[in-house]
Amino acid sequence: MAMYLTRFSYTPETWARMIENPEDRREAARTYIESVGGKLHGFWYAFGEHDGWNLWEAPDNVSMAAVALAIGAGGALSSIETTVLLSVEDTIEALEKAKSIRYRPPAA
């Protein structure tokens with residue numbers, strides 16, 4: 001299964017609701033990813049550009065996209081960004097395959 005890192009930010013309205021009724025959102029996140037056969041590896045809140053970070057494992061890009069789309073469509077977030085993470089082994093395999101690609105820079 002592939003690994004994914006999601007960065008998200010809540011809307012001000014969502015933060016206001018969370019202040020009034022604090023809730024641990026890890027269980028909700030776990031339910032979403034498990035519904036597509038995946039696993040939640042971590043859930044953190046943060047200071048800075050993004051309010052939180054999730055580390056997920058999903059069977060494929062379509063499954064992870066479905067989770068991200070469902071969460072994004074819920075209206076609680078002002079932003080959501082998901083990055084596919086490559087293992088060191090996958091990166092080395094990609095580097096080996098890159099040797100055979102005859103890239104030519106533009107206008108070269």
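Author: Residues are numbered from 1 along each chain as its sequence is written, and side-chain values use heavy atoms, without hydrogens or water. Because the model is predicted, local features need pLDDT of at least 70 and side-chain atom pairs count only at pLDDT 80 or more, while totals for chains, interfaces and linings use all residues.

Reader: Why is S9 called buried?

Author: Buried means under 20% relative accessible area, exposed over 50%, and partly exposed in between, with a 1.4 Å probe and protein chains only. S9 has a relative accessible area of 6%, so the residue is buried.

Reader: What makes the pair of S9 and D51 a polar contact?

Author: A polar contact is a pair of N or O atoms within 3.5 Å; within protein, one must be able to donate a hydrogen and the other to accept it, and residues adjacent in sequence count only if both atoms are side-chain atoms. The backbone nitrogen of D51 lies 3.4 Å from a polar atom of the S9 side chain, so the distance falls within the 3.5 Å limit.

Reader: How do you know that the span of α3 is close to what is expected?

Author: Helices (H or I, at least four residues) and strands (E, at least two) are DSSP runs, numbered from the N terminus. The expected span is 1.5 Å times one less than the number of residues; α3, residues 61–73, has 13 residues and reaches 18 Å from its first C-alpha to its last, close to the expected 18 Å.

Reader: What caps the N-terminal end of α3?

Author: D60 does, with a side-chain oxygen 3.2 Å from the backbone nitrogen of V62.

Reader: What sets A107 apart as regards phi, and is the residue buried or exposed?

Author: A107 has a positive phi of about 60° although it is not a glycine, and the residue lies in the segment after α4 (88–98). Its relative accessible area is 83%, so A107 is exposed. Just after α3, G75 also takes a positive phi, of about 85°.
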